[in-house]
Amino acid sequence: MIELLPLLETLCAAPGLSGNESPVREIIEQTWRPYTDELSVSRLGSLHALKHGSAPEPRPSILIATHMDAIGLMVTGIVNGLLRVTEIGGLDARVLPGQLVTVHGRQEIPGIIVQPPAHLLPAHAQSGPVPIKYLLVDTGLRARQVNQQVRTGDLISFAQEPTQLQGDTLAGRSLDNRASVAALSLCLEQLHTRNHAWDVWAVATTQEEETMGGARTSAFELRPKLAVAVDVTWGKSPGSPDHLTFALGKGPTLGWGPNVHPGLHQSIRKIAEQIEMPFALEAMPRHSGTDAFAIQVAAQGIPTMVITIPLRYMHTPVEVVALKDIQRTARLLTEFISQLEIDYMEKLLLEESS
Amino acid sequence: MSADTVKRDNAPKIRAAQIRLLERLCNASAVSGDEGEVRSIVLDEIRSHADQVEVDSIGNVLATKLGKSRHRKKRLRVMLAAHMDEIGFMLIHREDSSIFRFDTVGGIDVRQLVGKPVLVGQDHIPGVIGTKPIHLTTSNERKNTISLDALRIDIGLDSNPKVKVGDRATFATRFTRIGPSLRAKALDDRLGVATLIQLVKHAPENIDLLAAFTVQEEVGLRGAQVAAYTFDPDVGIALDSTPAIDLPDWEQEAGQEENSFYNTKLDGGPAIYLADSATLADPRLIRHFADTAEAAGIPFQFRQPGGGGTDAGAIHRSRAGIPSISVSVPARYLHTAAGIARLSDWRHTLTLLHTALTKMTPSLLSEPR
Amino acid sequence: MKSLIQELVETTGPSGYESRVRDVIRTKIETLADEVYVDALGNLIAAKGEVESGGKKIMLAAHMDEIGIIATHIDELGFIRFTTIGGVRRQTCVGGRVRFLNGTRGVISYEDLGDVNKLPTFNQMYIDVGSTSRAECPVRVGDVAAFDRPFSSFGDRLVSKAMDDRIGTAVLIETLRLLNKTPNQVFFVFSVQEEVGLRGATTAAYGLDPDIGIAVDVTRSGDTPKGVKMEVSLGAGPAVKVRDSGMLSDPRVVSWMVDTAEKEKLPYQMEVLEAGTTDARAIQLTRAGVPAGCISIPCRYIHAPSEMVDYNDVQNAVQLLLALLKQEVNLE
């Protein structure tokens with residue numbers, strides 16, 4: 001029986017930066033194992049979990065993609081025992097000074113991101129936010145020890161512990177996108193006792209934050225008939241534009257735009273209405289910024305949908321999500337998959353019939 | 001009658017019917033991701049002419065017209081792509097019952113939006129992109145571009161259930177003929193679509209013609225990527241429309257106002273691409289098209305190497321690689337409310353494409369680059 | 001190997017127009033490989049070896065193309081306007097010399113900007129080939145040229161235009177020459193159009209569908225006055241790429257390279273590059289994915305007409321590559 005909060009806390013605590021996801025993959029594998037029939041790892045490290053449907057073979061498959069990689073830093077050099085760093089994934093440099101981190105060297109070493117005082121920086125960087133390349137990580141160890149334990153290329157994760165906030169919300173790092181991984185885990189658990197005709201590929205993809213390499217190559221390999229990318233979206237919060245953000249606690253958003261198959265969107269929307277689940281429409285005029293972008297154009301093309309969970313303060317170590325929204329997302333996926341009929345593809349239309 | 005004369009008589013023409021078709025295409029609304037209206041027109045036109053027609057998962061229309069020569073190996077599989085989508089807008093947030101925030105889809109200069117009428121949704125509900133009257137602005141304000149963030153689409157006083165967040169909108173320009181020119185929105189790439197429809201109807205018999213009416217070119221050549229993978233052709237040709245920036249250069253001396261960065265010129269004929277940002281055209285195809293044009297006396301020009309991209313960018317990178325090129329109709333003011341093209345340039349583009357296709361054989365690909 | 005490098009770097013071959021380079025390389029490798037062929041986009045591919053037990057299908061890639069320029073307009077007096085092919089920088093153009101594919105040579109200069117300290121935009125530059133009229137100019141719209149600088153060696157430091165990535169092609173050729181026994185099937189891909197977006201490697205990788213991909217390309221160094229801070233230096237050995245702006249190397253490939261270098265007592269450096277990427281990215285993302293990495297030759301002044309590498313790094317790169325290819329590879 002999956003308890004959402006402990007699962008989230010475990011997922012968020014696990015390192016797994018883009019390109020080096022194995023630590024979190026192991027945890028996801030353990031979590032999914034009881035609810036799936038086959039588990040394998042792709043050539044780029046994505047986790048592929050297959051749950052067989054009940055229809056006779058050959059059965060069509062639906063792929064649900066949640067990226068498991070997180071953003072962080074990488075060591076670019078060592079000077080006097082202090083680490084120079086670069087970003088993995090998109091980071092706002094202003095969020096970094098004073099953050100606690102873990103350096104994954106020969107062993108796990110705690111550190112702090114520090115901002116050198118102005119007089120130690122070049123003239124043009126002395127006022128205003130300090131760009132990442134001038135920041136340092138101080139582990140508190142002496143230079144000799146650092147040189148033995150750490151080298152160029154080593155990874156650095158944020159060390160922020162997850163914290164429960166008011167109203168059944170959780171604040172922590174890597175909720176982008178471990179919140180979606182948790183939702184997919186709940187869905188798999190629910191499907192375990194439900195009947196569904198289609199095969200389900202649950203895929204924890206790699207490198208979404210950098211190249212979308214995981215989604216692209218997994219879609220190519222698995223060739224599902226349908227795909228849904230589950231990710232996070234911008235939650236309403238102070239300072240964020242109202243028209244581009246979505247309230248926490250009011251359900252997931254359903255994506256709409258060129259990156260989404262209109263017919264598939266309508267089908268999933270109908271299910272949400274049927275189960276009286278709150279949701280919002282997310283207009284994505286050009287692209288979704290999610291794994292769906294890579295999946296939609298794999299090989300001969302795959303009808304794709306995007307479901308996102310509102311999240312405040314994205315790409316900071318204090319991302320905030322409402323647990324209820326994760327549960328709703330799981331339920332929406334479960335209901336849609338359970339109701340998928342074996343001839344759905346024949347009825348799937350691009351145009352709404354007027 | 002010589003064989004050549006016979007071929008020329010079979011060559012497709014642009015007459016009143018084709019111009020009416022172009023009019024319908026240009027007036028239709030088909031913003032990237034929402035190409036249904038143009039897709040319907042295309043399907044109606046080519047269904048009875050192609051051997052096989054399908055619509056794929058992203059919305060491309062893929063039509064095959066097999067050639068007739070006895071030996072299949074002697075026929076090149078040639079993919080021709082024309083994109084059905086146009087640049088436009090999407091409504092992203094409702095501010096009150098009839099006022100919407102919107103975002104652009106595809107590359108549009110924000111300065112082209114102010115004060116324009118638009119059509120929203122599949123029912124073409126009229127709206128306007130207005131702005132504060134000049135009387136209420138200061139001269140300082142007027143020095144700054146009005147940002148997209150400040151613009152809204154206004155559909156009147158009441159809401160309309162047919163206008164909602166997520167709907168697309170286009171410029172409201174109606175197609176018209178003015179002397180030698182055609183003026184319309186979406187010449188990029190309805191000119192290509194109309195041309196490809198004609199080529200499907202008059203497909204040369206020496207090749208297998210794989211026609212892809214693609215989607216989402218303006219947001220990253222997305223449809224062409226999928227279509228090329230499905231077709232897996234020997235050669236790829238994108239039919240597009242390209243800017244003619246042949247206006248006078250202010251800095252030059254009077255009487256010599258030729259600018260050096262014109263991209264293409266109106267009345268210069270079809271534009272053969274050498275290099276854009278997305279594709280370095282295969283030199284053998286460049287030679288084939290240029291030589292064909294010269295031999296047949298068809299005016300043509302080389303598009304100046306530079307930026308921009310066409311579906312060829314996605315096609316040539318597909319699978320294990322596909323030699324590709326683009327051939328476009330030049331037009332002024334693309335990606336704005338109203339573009340201008342010459343009927344004669346369009347005619348010559350169709351003739352050049354058809355003639356070049358009739359002369360394509362597999363030996364083309366054994367030539368040295 | 002120096003004369004091989006010289007011949008390669010002094011050949012003209014901007015992206016899309018690599019024929020000359022392809023011909024030079026083909027002559028050198030024709031008898032060394034089991035099979036040599038050219039694919040649809042012009043990649044030159046040489047295959048060596050068969051997959052034996054424990055062996056893998058390995059794709060190596062070094063790109064034949066160099067950055068350059070392409071003529072966009074010839075004016076009435078025969079001056080040539082141009083645009084760039086690949087990442088050409090304005091600073092390196094001013095006063096530079098180019099050589100067109102047809103042999104014509106020219107000088108790059110620029111319009112009067114009113115201020116001698118201002119750097120012109122590309123649109124303000126032009127090429128003078130000594131013509132006096134458009135009709136008489138030997139260059140047409142669409143003709144391509146590369147920068148024109150001869151190869152030089154300052155002791156162990158080798159200098160030329162197009163070290164990026166002819167030095168990589170030289171490494172591949174030399175590796176092919178010295179590779180006698182391998183349990184792997186190795187494809188030496190001399191790719192096209194890397195500088196404009198890894199285009200050749202994208203399609204070559206699709207065609208080959210390898211088990212492992214390794215690119216050999218140049219990388220920046222951090223050892224010049226007030227330069228970028230980077231842990232890579234000339235002369236300290238070939239660099240094992242961990243990350244660049246387009247790719248995170250497969251950590252198993254990185255470990256394999258590092259363990260092999262340590263075992264063979266070869267010098268090596270760890271590389272994190274914050275600007276630029278290589279063919280390895282294209283290989284990694286192909287089809288169902290390919291574990292990929294890159295061996296980099298440290299290089300100063302990349303994308304300038306005088307790029308500098310250290311000959312020892314080049315030779316050590318060959319040794320490292322040979323050591324990798326001779327093994328049965330187990331990435332787990």
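**Close-up views of the predicted model**

View 1. K185(B) sits in the loop that links β11 (181–184) to α4 (187–201) in chain B; helices (H or I, at least four residues) and strands (E, at least two) are DSSP runs numbered from the N terminus. This is a predicted model, in which local features need pLDDT of at least 70, side-chain atom pairs count only at pLDDT 80 or more, and totals for chains, interfaces and linings use all residues. Residues are numbered from 1 along each chain as its sequence is written, chains are lettered from A and ligands numbered from 1 in the order in which they are written, and side-chain values use heavy atoms, with hydrogens and water left out. K185(B) counts as buried because its relative accessibility is 2% (buried: under 20% relative accessible area, 1.4 Å probe, protein chains only). A polar atom of the K185(B) side chain is 2.8 Å from the backbone oxygen of C26(B).

**View 2. Packing of α1(A) against α8(A).** The axes of α1 (residues 4–13) and α8 (residues 323–339) of chain A are 11 Å apart, at an angle of about 100°; axes are lines fitted to C-alpha atoms over the stretch in contact, and angles run from 0 to 180 degrees between N-to-C directions. The two helices, α1(A) and α8(A), are therefore roughly perpendicular (65 to 115 degrees). L4(A), L5(A) and L8(A) of α1(A) meet L323(A), I326(A) and Q327(A) of α8(A), where contact means heavy atoms within 4.5 Å.

**View 3. Domains of chain A.** Domain 1 (4–70 + 173–347) and domain 2 (72–158) make up the division of chain A, with bounds from an automatic or database domain assignment. Their centres, taken over C-alpha atoms, are separated by 33 Å.

Definitions and conventions
Buried < 20%, exposed > 50% of the residue type's maximum accessible area, 1.4 Å probe, protein only. Polar contact = N/O pair within 3.5 Å; in protein donor to acceptor, adjacent residues only side chain to side chain. Parallel < 35°, antiparallel > 145°, perpendicular 65-115°, else oblique.
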